[in-house]
Number of protein chains: 2
Amino acid sequence: MGRDLIEFEEPADTKEEILVATYEALAKHGYAELTIAKIGDEFEKAPSVIYHHYDDKEALVLDCLEFLLERFEASLTGGPEEAPDVALRRFVDETFEAITDEPARLVTTLVELRVRATHDDFHEHFTRSDRLFHDHLVAIVRRGVDDGTFADCDPDRVAALLLTTLTGALYRATTSDAEAALEATRTELYAYLEARLELARDSEPSA
Amino acid sequence: MGRDLIEFEEPADTKEEILVATYEALAKHGYAELTIAKIGDEFEKAPSVIYHHYDDKEALVLDCLEFLLERFEASLTGGPEEAPDVALRRFVDETFEAITDEPARLVTTLVELRVRATHDDFHEHFTRSDRLFHDHLVAIVRRGVDDGTFADCDPDRVAALLLTTLTGALYRATTSDAEAALEATRTELYAYLEARLELARDSEPSA
């Protein structure tokens with residue numbers, strides 16, 4: 001959920017190149033304004049190659065979301081494991097930083113796309129995506145309880161509240177003027193984490 | 001935010017009749033499927049009367065949202081004042097009840113409309129609407145602190161976290177399969193309210 005565009009490894013094949021180009025075009029233009037031609041602008045091969053693989057924008061964007069989720073999933077394994085308090089603070093802070101001041105265009109686009117989930121296949125994607133973030137948070141909290149970093153608690157419930165609150169923060173940030181309310185939310189969320197897990201906020205929010 | 005359609009007092013004039021009809025048509029059909037003709041079906045006069053007052057759907061729906069908000073605002077004053085713990089529990093529970101099992105069509109519609117706020121006048125409406133709910137929650141919490149029902153706390157921060165979490169719950173409920181996560185969120189939100197305000201959940205969720 002960081003503010004900057006993800007840097008991808010060299011795409012494995014043409015299909016991955018298309019998905020990376022779609023991601024870049026989505027981050028620039030949003031969903032409503034997105035056209036295959038605009039994706040073509042981010043793509044080194046001829047736009048006709050895109051039409052060869054996809055004939056509608058919705059299927060292409062859905063594959064792009066799945067691709068982003070797989071990359072996030074892959075990033076969770078491998079690499080040195082962070083201490084649970086560092087990992088939890090980072091998750092919370094990166095979410096709030098992504099929406100402070102001007103929410104990144106991509107965050108706004110994701111919030112919009114998610115609402116398409118009231119109708120169609122996006123629903124399934126965001127259910128899977130929430131499940132993944134939820135499990136990630138449960139794992140961090142459980143690790144912290146087990147190694148004594150956190151006070152004893154029900155990791156499933158803590159993860160549920162955290163994810164619902166952070167999702168609400170993304171939604172409010174992109175659909176209203178909520179800067180002060182979200183700063184207050186962040187402060188209070190840390191008061192909750194301190195009361196519940198004994199997790200201190202430690203650092204001031206970065207600007 | 002209750003599950004059932006609001007019962008309005010006798011509309012004061014034709015314009016209010018149109019807004020009530022719009023509300024009923026929105027709750028039935030959602031925004032995308034809404035047409036002036038469908039609003040006409042909920043309206044006792046000729047549909048041409050609607051065209052006389054409004055020439056686009058967006059302006060009509062926006063006025064309808066403002067109308068609903070004014071009704072809610074009016075309902076906050078007058079009538080006997082509830083004890084702060086009763087009022088707070090009712091606010092939380094009614095929100096969760098509106099989204100348990102099948103979220104009401106109107107809730108889904110509101111979540112969809114709110115996302116239009118990334119673009120246009122809806123933004124201003126939802127900023128105002130959030131401000132109103134926020135102030136309502138601040139007033140309840142402050143009253144509870146003042147009369148000793150609640151433990152001492154910062155009412156502004158508590159209200160911010162509550163509203164962000166409840167907004168996130170509405171958003172998740174309408175855009176993913178989140179039943180278990182939302183039940184866990186509700187349980188944990190009460191654990192937070194107990195830790196922070198000494199508010200006991202008291203009653204089990206009604207089915």
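Reader: What makes the length of helix 1 (residues 14-29) of chain A agree with 1.5 Å a residue?

Author: The expected span of a helix is 1.5 Å times one less than its number of residues. For the 16 residues of helix 1 of chain A that gives 22 Å, and the end C-alpha atoms are 22 Å apart, so the two agree. A helix here is a DSSP run of H or I with at least four residues, numbered from the N terminus. This is a predicted model, in which local features need pLDDT of at least 70 and side-chain atom pairs count only at pLDDT 80 or more, while totals for chains, interfaces and linings use all residues. Residues are numbered from 1 along each chain as its sequence is written, chains are lettered from A and ligands numbered from 1 in the order in which they are written, and side-chain values use heavy atoms, with hydrogens and water left out.

Reader: Which residues of helix 1 of chain A are called buried?

Author: Buried means under 20% relative accessible area (1.4 Å probe, protein chains only). In helix 1 of chain A, the buried residues include A:I18, A:L19, A:Y23 and A:L26. The buried residues of this helix pack against helix 2 (36-41), helix 3 (48-53), helix 4 (57-76) and helix 6 (105-115) of chain A. Just after helix 1, A:G30 takes a positive phi of about 80°.

Reader: How do you know that the copies meet through the same surface?

Author: Of the interface residues of chain B, 100% are also interface residues in chain A, so the surface is the same. In numbers, 40 residues of chain B are in contact (heavy atoms within 4.5 Å) with 40 residues of chain A.

Reader: Why is the pair B:D130 and A:R172 called a salt bridge?

Author: The term requires a side-chain nitrogen of Lys or Arg within 4 Å of a carboxyl oxygen of Asp or Glu. The closest N and O atoms of B:D130 and A:R172 are 3.1 Å apart, so the pair qualifies. Across the interface of chain B and chain A the rule finds four salt bridges. Helix 8 of chain B gives the most to the side of chain B that touches chain A, with 15 residues.

Terms used: Helices (H or I, at least four residues) and strands (E, at least two) are DSSP runs, numbered from the N terminus. Buried means under 20% relative accessible area, exposed over 50%, partly exposed in between (1.4 Å probe, protein chains only).
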